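Hi there,

As promised, here is the structure we talked about. My notes on it follow below.

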Amino acid sequence: MRSISYKLLFIPASGRLILNFLFLGMMWLSSSIQAAEPKYGGTIIHGRGGDSVGLDPSHETDGESLNVARNIFDTLVRYKEESTEIEPALATSWEISPDGLVYTFKLRQGVKFHDGTPFNAEAVVFSFDRQLNPDKYPELKETGPYKYWLGMSMGDIVKSVEAVDEFTVRFTLKRREAPFLANLGMHFASIVSPTALKKLTVDFTRHPVGTGPFKFVEWIKDDRIVLEANPDYWDGRPYLDKVIFRAIPDNTTRLLELKSGAIDVMVFPNPEDIKLIEADPNFKVLRQPGMNIGYLAMHTEKKPFDNVKVRRAINHAINKKAIVDTIYEGLGTVAKNPLPPILWGYNDQIQDYEYDPNKAKELLKEAGYPDGFETTLWALPVPRPYNPNGQKVAEAIQADLQKVGIRARIISYEWGTYLEKLEQGEHDMALFGWFGDNGDPDNFLYILLDKDSAKIPAQNIAFYKNDQVHELLIKAKETFDQKEREKLYQQAQVIIHEDAPWVPLAHSVVVNITKKTVHNYKIHPVGDWLYHKVWKD
C-alpha cells in the first residue's frame, strides 16, 4: 500500500472543527483501504447456470467446462488480467523467425504439476503432440476428439512441436498464421501432466492435473466442483483456500441462493432483476460489453434450409428488436454480423435484414413453400453469456415463424447432450452462441463459419460452406498486416450476410454479481472466471 505523509499547519480555533472532520475523513479512508487489502484464507462459492461437460480443455468447447479448467491449467502465454494482450506464462520469452514459420519458447523453470511431477519441454510437446498426432497415443483414443484443434484446423497449421532442450520448445508451422501466438493462450493449448493423463486416460477429464493456481479436489455431477489453492503456484499462492463451482440452472434460484448467503458470486442473472440487485448495498454488480454473439443457426445441408431464400425469409420473419427489448431487457444489442461490434474487423456498413413478415412470406413462396413448412427449433437448456433465457428466446422465435407459416416444434436436451448433438448435425435450426477466446476475428469467422469447421464434430453448426469465404479467411490468417486482415474480414462478412446461414440475434452485456465482501473479481473479455487474485473479507 502506498504510504501517505501529511504536513500539519497551524489552524486557528475557528478552523479546528474542519480539521477534525478532515482527520476523521482520513481515518475512515485509511480503514477502508486497509479493509480492501488482500488477505489469505476463505472459500468462495460461485453459482453458475450449468455443470461442466469435462475438465480436459483440449476436448471441450463450452464455457461451463473451460472457465473452470482455466483455474487448474496454465498455457505457454496468457491474456492480461483485463485484456486479450499476450503476456508470458509457462513460457518466459519467445522468438519468431523472420518468415513467421518457427516459434521458439523458453520455458519457466522450477514449476511442478499438481501431482508433483516436473513441468518441462517434454510436457509441452506431449500436450500438443497428442492433438497433432493422436495415432501415436492409442491409449488415449477413448478420451474423445480434440474439438478445438479440429475446429481450428490446427493440423493444417502446425508441422511439428519439438523439445530443443529441457526448457526450450520449438513449433514449426506449415504456413504463416497471424493469430498463432494469441491461439496459444486459448484453453485447448493448456499444458497437462503427461504422467497423470497416461495413468488416468478417460478419467483425466474428471480428475484434471495441471500447473494452475488451483488443484482439483472433487466433482459431484450436476452439483459442485471443488478446487483448492496450489500453495506452490509459480505466480504466487492464491489468496483463497478454496473455490467451489455450484451448478444452479434456474436464474431466480441462483439469485435467492446469493441473497441467502449460500453463494458468493452469481453469473447470468435475469435481466429484470438487475435494478433491484443494484439497489442492495450488500452486492456489487459488474457489467461489461460482451465479446459474444447469440445466434440461430440453420442447417444449410438439410431441406428446406439448403435454399438461401428460405434462410433469408427466416431472417425477415424474426423480430430481433422485440426479443432483445423483452428478454435481454437492456443487457443486449441487436446483432447483424457474426462479429461483435467491439472487435476489430467488424463491418458496420452491412444493412441488417429488416423485420418484415410480408417479405418473409414472399421469399417462402419464391422458394416453393407458399404454405410454409414444419421443422424443429432447438432451445438452449442453460443460460449463457450470449442468451439469458434460451427457452424464452425460442418461444419468441416460434411465435414469429408461425406468423409466416413456419411451424417450429421446440425441443431441447441436457447441456452436454445438446452440444454433442449439435456437433453431429442432428438439428434443423438451433439456438447457440459464442464468446470470443482471444480477441481475434479469426476466432469467430473461421471457427464458426468456415467450411473447414463443418467437419464432424463441427463447430460450424450451420454446416455452411462457401469457397470464397474460405479463401478470404485463409488469406487473413496468413497476413500479418492488421489493416489488410480487417479488409478481408469485412469482405467475408458481406458474403456471409448474403448467404444467411444464421439469424444473428444479439450481443449481450455480461453481468456478474458478487457479495460486497468479494474483492478483485473481474469480468475478463474472453469470459474466463479467474480466481487467482480474488480474496474475501
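The lining of the largest cavity divides into 16 nonpolar, eight polar and five charged residues. In that count, Ala, Val, Leu, Ile, Met, Phe, Trp, Tyr, Cys and Pro are nonpolar, Asp, Glu, Lys and Arg are charged, and the others, Gly among them, are polar. This is a predicted model, where local features need pLDDT of at least 70, side-chain atom pairs count only at pLDDT 80 or more, and totals for chains, interfaces and linings use all residues. Residues are numbered from 1 along each chain as its sequence is written, and side-chain values use heavy atoms, with hydrogens and water left out.

**Cavities**

The largest cavity has a volume of about 340 Å³. Its lining is made of 29 residues, and those closest to the centre are Asp62, Gly63, Arg384, Pro385 and Phe435. Two or more lining residues come from each of α2 (63-69), α13, β17 (429-435) and β18 (502-515), with β17 giving the most, four residues. Helices here are DSSP runs of H or I with at least four residues, strands are runs of E with at least two, and both are numbered from the N terminus.

A word on the terms: on a 1 Å grid over the protein atoms alone, a cavity is a set of points where a 1.4 Å probe fits but cannot get out, while a pocket is an open set with protein on both sides within 12 Å along at least five of seven lines; lining residues have an atom within 4 Å of a point. Grid points are joined across faces, edges and corners, and a volume is the space filled by probe spheres set on the points. By this rule there are three cavities of 30 Å³ or more.

The second largest cavity holds about 120 Å³ of space. Of its 13 lining residues, Phe268, Pro269, Pro385, Pro388 and Val509 are the closest to the centre. Strand β18 supplies the largest share of this lining, four residues. By class, the lining has ten nonpolar, two polar and one charged residues.

**Pockets**

The largest pocket has a volume of about 470 Å³. It is lined by 26 residues, with Arg78, Tyr79, Glu81, Leu530 and His532 nearest its centre. Ten of the lining residues are nonpolar, six polar and ten charged.

About 370 Å³ of space lies in the second largest pocket. Among its 23 lining residues, His59, Glu60, Thr143, Pro145 and Lys147 are the closest to the centre. Helix α13 (residues 415-423) gives the most to this lining, with five residues. The classes here are seven nonpolar, ten polar and six charged.

**Arg48**

Arg48 sits in strand β1 (residues 43-48). Arg48 is buried, with a relative accessible area of 0%; buried means under 20%, exposed over 50%, and partly exposed in between, with a 1.4 Å probe and protein chains only. What does the side chain of Arg48 reach? The side chain of Arg48 comes to 2.8 Å from the backbone oxygen of Glu64. Leaving out residues up to four places away in sequence, Arg48 touches residues including Phe245, Arg254 and Trp529 (contact means heavy atoms within 4.5 Å).

**Helix α16 and its ends**

Helix α16 (residues 482-499) has 18 residues and reaches 26 Å from its first C-alpha to its last, close to the 26 Å expected at 1.5 Å a residue. That expected span is 1.5 Å times one less than the number of residues. Buried residues of α16 include Leu488, Tyr489, Ile495 and Ile496, and what covers the buried residues includes α9 (308-317), α14 (442-449) and α15 (467-477).

At the start of α16, a side-chain oxygen of Asp481 reaches to within 2.9 Å of the backbone nitrogen of Lys483. Phe480, in the loop between α15 and α16, is partly exposed, at 38% relative accessible area. After α16 comes Ala500, with a positive phi near 50°. Ala500 is buried, at 2%.

**Backbone details**

Ser153 also has a positive phi, of about 50°, although it is not a glycine. Ser153 lies in the loop between α4 (147-151) and β6 (158-165). Cis peptide bonds run from Lys303 to Pro304, with omega near 0°, and between Ile456 and Pro457, with omega about 0°.

Notes:
A polar contact is a pair of N or O atoms within 3.5 Å; within protein, one must be able to donate a hydrogen and the other to accept it, and residues adjacent in sequence count only if both atoms are side-chain atoms.
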